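Visitor: I'm new to this one. Could you walk me through it with a few questions and answers?
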Amino acid sequence: MSRILPNLCFIGLTLLLSGCGKPDDNAAVTTGAEADVSAEVEAFYAANPEFFGFKTLADVPVDLNWEAGEGLPEIGSPEARKGGTQYGALQDFPRTLRTVGPDSNGGFRTFLLDEVGMSLTHLHPGTRELYPGLAEAWALDPENRTVYIKLDPQATFSDGAAITADDYLFMFWFYRSPYIMAPWYNNFYSTTYSNITRYDDHLISITTAELKPDFAEKATNLRPVPQHHYKAMGENFTERYQWQFEPTPGAYIVREDDIRKGRSIALTRNDNWWAKDKKHWRYRFNPDRIQLNIIRDSAKMFEAFKRGDIDQFGLNLAEYWYEKLPDSDPDVQAGYIHKSVFFNQRPRPNFGLWVNTAQPLLDNPDIRKGVAHATHWDLVIEKFFRGDNDRLNTASDGFGDFSHPTLRARAFDIDKAQQYFAAAGFNQRGADGILANADGQRLAFTLSTGYESLRDVLTILRQEAAKAGLDLRLEILDGTVGWKKVQEKQHDIHFSAFGVPLEMYPRFWEHYHSVNAYDDAFLEDGSINPERQLKTQTNNIEALALFEMDELIERYRRSNDRAEMVALSHRMIELHHDHASFIPGFYQGYFRVGHWRWIRYPEGFSYKHAGSAGELYVHWIDTDLKEETLAARRSGQTFDPAITVHNQWAE
Amino acid sequence: MLQLNPQTAKKLQRFRRIRRGYYSFLILAGLLVTLAFGELLVNSRALVVSYEGNLYFPTYTDFHPGTDFGLDYAYETNYRQLKKQFAAEGNDNWVLLPPVPYNPYENHAPGGTFRPLPPTAETQHYLGTDTTSRDILARLFYGTRIALVFAFAFTASVYVIGITIGCAMGYFGGVFDLVFQRLIEIWSNVPFLYMVIIIFSVIPSNIAVITRISILLLVMVLFSWTGMTYYMRTETYKEKSRDYIASARIIGASNARIIFRHIMPNVLSTLITFMPFTIVAAISAVTALDFLGFGLPAPTPSLGELLKQGTANLRTAPWIVIAAFGTLVILLTLVTFIGEAIRESFDPKTHAVYR
């Protein structure tokens, strides 16, 4: 998966490679004789006629029912004012300006693509219905798993080039190309979709491989890739385009002068943005400029925020909300800094303990259940998160009716834990109070994590687990090192979470199918293959291989019936719970942010399904207020404090 | 009784006369003794429990499950609670706790949430608590002990290797000297910090904490012994060319006898002079590595880890950084004072007879 590591992972990535920001001239790779990839692209289209179709307008069915997301409430506020500079900070200078290929999945990608880019349609953050982006209208043809899309003829890239059907055809070639060195993209774009057809410059159709309930979302969540920019594409793609900003249909561009390697990078609003007067887009992306300086240490970043050098700061961690910027803070009490909490509803990142069932002892379900009963998450939630977070019950919470309605995570219970451990032969307490079996083997596992900032959570778990006679050895790793360990399946028990995109239903194949755990996990009769080999570099980090689960997953993947998928999803979640290879931790049903008074948000603050305060770019900078606030701060004048809780969508 | 060389005795007398160094030495020695019996002073286990007429001394024994004292749980007894309970019951049972009744690992959150608490005598957190409500005094205490043991082990290892190789190089000279000099030059150019990071990223994590500390020690020694060889080599070279060595050789003394009986005692002042500074370097190095997160494995108490917490919470919990920084300053100052006094008292210019 490409977008898998949750944002927290970027914390702590910085130390190792802090020396990588020296200026270099890779951007100026000599082009020599101007290469042109067009012939290769054409040849690829011709070689895959079933995928790349070329038809005329006469071939478009006449009885299509065109829709354009009319009637959805507009995103953003008409009060929003354009202008000003938004100051922010990054922990690490982006390793590349590419959005695909090695090193491209870093924190800066959100500024290039995820939050700022545009695709054909987008999911409305309030209703989860489609609203138009680059598409003017679309029509569904479920029988043929196809969506017809009228492209907005006004749409242009930031360099002025018009966006046409060709840029979408090229996108498929681009993502399927071996040059980009991104196997996940290669696979996703060749298996999720089965056809793209061009009817004229502004009309295309896209066919998905399966008719899933969300096929319209999948078929239109696509973005054009400018062929004219990638004309010289080839083996040297990763180096050649390392520091080249790809022309975007979105509001912000990165100018070459603003890339100061290792120090800062800035985004500038495109004055001639084609969508600046479009509904859902006109009141968003308000700051003229987004200046991002590199501050490698999060404590320093917070100090910069307190000085007013940074406009906003995420206060999700209780430590920040209650200790470092308490309600009694002078800047908060004087009304200079506002604090806001917003409760949202969306699939929850599944923070918890991922147990590697391929390790000795942990392959025993009794031990796993014992470990589950020996981890005191309620104490973590109460004492570390100050009761603000809630216990996660399964690995797939927050998917509406696809999530399991009644299943509850195993509670901390020393007696039950000891019963399970005793059933596995661990019934003697050693001199240090840790259980041992008849062979003298201690009940000890390594508990690792890549979350430096959540290390205290593990300290608490360790302390409590010792009461049940379980020794958890802690290993706090750098984010990338921790993830690598898990991908190599070298962990015992790992504390982590998979970032979950705003999707309709949970994914199971990646995490629970045996093909991602072992090569040839089962023999033909369903029994375990004694010679199976552990498979690395997959997201089945529990090495979970259950014959029944495989069958359910196959049915789930094939199913087109929502009700059947819901039932299958529940069954699989139950099976996963019984297997006890994942110990659900906590989820956070809100986001919290501190922002200076001059950062304004629309009424209601954000939207039901939003993931963070800034991601929709509905805020704006009130430059008059900024001057007023700075002057007031110098003179000692104060305003009313603003600590607001937006719980209209609290679950 | 140990018969001291009159010269050495003179040097020691001189050391005693340098007050600053001598008192520093006494304080540090006292500190070491205190640290050695730390479990009696800073510990969550009681010193003595009197229960139903029996006396228990849990400090150095196996753990006592709560059931031993009539409690309803099978894990380690919480002696602070036990003390309150016995007091409330008002019978003959009693508990004697150490002056600081916390161990460096336990999260003790009297306020209900894990957060740094300022120092109070009331809860017996004399230096406050850290971000997960662990007692700072306990963590400092055991962190200092580990750092000192680590530093002594480091110094001893570096000396053994450095003296052996340096002496051999100086004494045998020739090709042996040439080859080793080049090897040392190459070896000392390997960047130490990167090696620590690389090694710790590949060693499996399921090995015990003590083994991981030993590996860290080994790595640090491997990259630090080279400095000692330079001094030993030159000193040995110098001594070797003196007449008394030539006489010894003519009489027929073996190489081993010459090295150990004649050369070593005469280069001793150099060695001793460097020792405190090596210890300072070791403490600083392990603290710095902890600060960067590549040192002692969590949750081992350490000065560097506390410093790191302190700098991250400067505004909200200044007592963390004050405690850690203060301890480090005191410790390094003591060792440095001792070092200066030793250097002065062993200064060859005031004593050398045949130099």
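## A first look around

Visitor: Which residues does F108(A) touch, leaving out those up to four places away in sequence?
Guide: Keep in mind that this is a predicted model. Contact here means heavy atoms within 4.5 Å. With sequence neighbours up to four places away left out, F108(A) touches L90(A), P94(A), L97(A), V254(A), I265(A), L267(A) and L292(A).

Visitor: Which residues touch the most other members of the largest nonpolar core?
Guide: That core has 110 residues. Helix α3 (residues 165–176) of chain A gives the largest share, nine residues. The two residues that touch the most other members are F108(A) and F174(A).

Visitor: Why does this core lie between two domains of chain A, and which ones?
Guide: Look at where its residues come from. Both domains give residues to the core, so it lies between domain 1 (7–269) and domain 2 (312–345 + 590–646) of chain A.

Visitor: How many residues are in the second, separate core?
Guide: Among its members are L140(B), Y142(B), V280(B) and I283(B). The count for this second core is 71 residues.

Visitor: How far apart are the end C-alpha atoms of residues 146–172 of chain B?
Guide: UniProt, in an unreviewed entry, lists this span as a "transmembrane region". The span is 100% helix and 0% strand. Its end C-alpha atoms lie apart by 38 Å.

Terms used. Residues numbered from 1 in each chain as written. Chains lettered and ligands numbered in written order. Predicted model: local features only at pLDDT ≥ 70, side-chain atom pairs only at ≥ 80, totals over all residues. Heavy atoms only, no water. UniProt positions renumbered as here; feature names shortened; annotations may be inferred. Helix = DSSP H or I, 4+ residues; strand = E, 2+ residues; numbered from the N terminus. Core = buried A, V, L, I, M, F, W, Y, C linked by side-chain atoms within 4.5 Å. Buried < 20%, exposed > 50% of the residue type's maximum accessible area, 1.4 Å probe, protein only. Domains from an automatic or database assignment.
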